[in-house]
Amino acid sequence: MPNAAITCYCGSCSITLVDGEATCLFQCGCNSCRQKIQFGQANGGRKCSPLPKLVYMPSLIDTVDGQHLMQAFKLRESADSTQVYCTSCWAIIGVDHVGYPENIFMNFPEFCINNGDLSVPLAAYINMADYDDDVGPEPSEDVPLFESIRYKQERERLFRIPETKRTFTSPHDPVQGYTFRSLLAEIGAPTALNLEEGVDVVATVRGWLQERSDSPI
Ligand SMILES: [Zn+2]
Ligand SMILES: [Zn+2]
C-alpha cells in the first residue's frame, strides 16, 4: 500500500495516509463543490476551476501536522458535508459527508497538494444539472455523465461503475484506527457559513469576512 501525504499550500498542515491510493475519481458540476472551493478562494486560496476533480481516498490516517491551524466548515447548517481547511493558506485538506462509508473521505487534489496515487481513471461526470456554459466549457471525456442522482435509475447506473461500487460500499468490519472522521471529531464542530445556494460565493464571503473583522470580538 503506497503511503501518501495531503499537504496544504503553505506546508503548515498535512495528514499522511496509511494507504494513499485513490479508489475513485469524479469531476463534479455541483454548486456545493464550487462553493466549498470558492470559500477557500475568497480567503486567499486557489481559484476555483469549473469542473473540480474529486478523489476518494482510504480514510486511515497515520500522522497529522498543523492540526491547530485546521478548521472545519459547512456551507449551511443543513449541509451533509464538512470540509477541513488550512486557515493559513485555505487549501482544503478533505471533505466528509454523512453518506460516505467510514473507510473513505473525499479530497480535491487541485485545491491542496495530494501526492498519493491518483492514477485511477475518471469514472464519471456527476451533478451536471448545476453546470452550464456560464460555468465552464463542455465536458470532454468519453465517460458516463449524470445530471443528478435524484432517481433510482441514475443511482443504480452510477453505482454499477466498478470504482464507484467499490468506493461507496461499506466495509464488512468496522474500521479500526484513526480516520479522517476521527480527525474531524478532534478539530471540533464545523462552523456553518449559511451561504445561500447558487450565490456568488466569492463576493458573499468577502462581505462575511469584512463583517467579522469589523466586529469588536
Ligand atoms: Zn496552509
Ligand atoms: Zn460536487
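Residues are numbered from 1 along each chain as its sequence is written, while chains are lettered from A and ligands numbered from 1 in the order in which they are written. Because the model is predicted, local features need pLDDT of at least 70 and side-chain atom pairs count only at pLDDT 80 or more, whereas totals for chains, interfaces and linings use all residues.

We may start with the sheet. Helices (H or I, at least four residues) and strands (E, at least two) are DSSP runs, numbered from the N terminus, and two strands are taken to pair if DSSP finds at least two bridges between them. An open sheet is built from 4 strands, in the order β5-β2-β1-β10, with antiparallel pairing. Its edges are β5 (61–65) and β10 (113–114), each of which pairs on one side only. Strands of a sheet pair through backbone hydrogen bonds, either parallel or antiparallel. Strand β1 (residues 4–7) runs antiparallel to β10 and is joined to that strand by 2 bridges; here I6 stands opposite N114 in β10.

Next comes the loop between β5 and β6 (70–74), where L69 lies. L69 counts as partly exposed because 15 other C-beta atoms lie within 10 Å; the cut-offs are 20 or more such atoms for buried, 12 or fewer for exposed and in between for partly exposed, with C-beta atoms placed from the backbone. Although L69 and S12 are 57 residues apart in sequence, their C-alpha atoms are 7.6 Å apart in space. Contacts (C-beta atoms, placed from the backbone, within 7 Å) link L69 to S12, C13, C86, T87 and S88, leaving aside neighbours within four places in sequence.

C86 in turn touches C8, C10, S12, C13, G66, L69, M70, A91 and I93, not counting residues up to four places away in sequence. A nonpolar core is a set of buried Ala, Val, Leu, Ile, Met, Phe, Trp, Tyr and Cys residues joined through C-beta atoms within 7 Å. The largest such core has 53 residues, and C86 is among those that touch the most other members, together with F26, Y85, A91, I92, I93 and C112.

Two residues draw attention through their backbone angles. Most residues other than glycine have a negative phi. W90, however, has a positive phi of about 65°; this residue lies in the loop between β7 (81–86) and β8 (92–97) and is buried, because 22 other C-beta atoms lie within 10 Å. N194 also has a positive phi, of about 50°. N194 sits in the loop between β12 (191–192) and α5 (201–214) and is partly exposed, with 13 other C-beta atoms within 10 Å.

Methods. Two residues are in contact if their C-beta atoms, placed from the backbone, lie within 7 Å.
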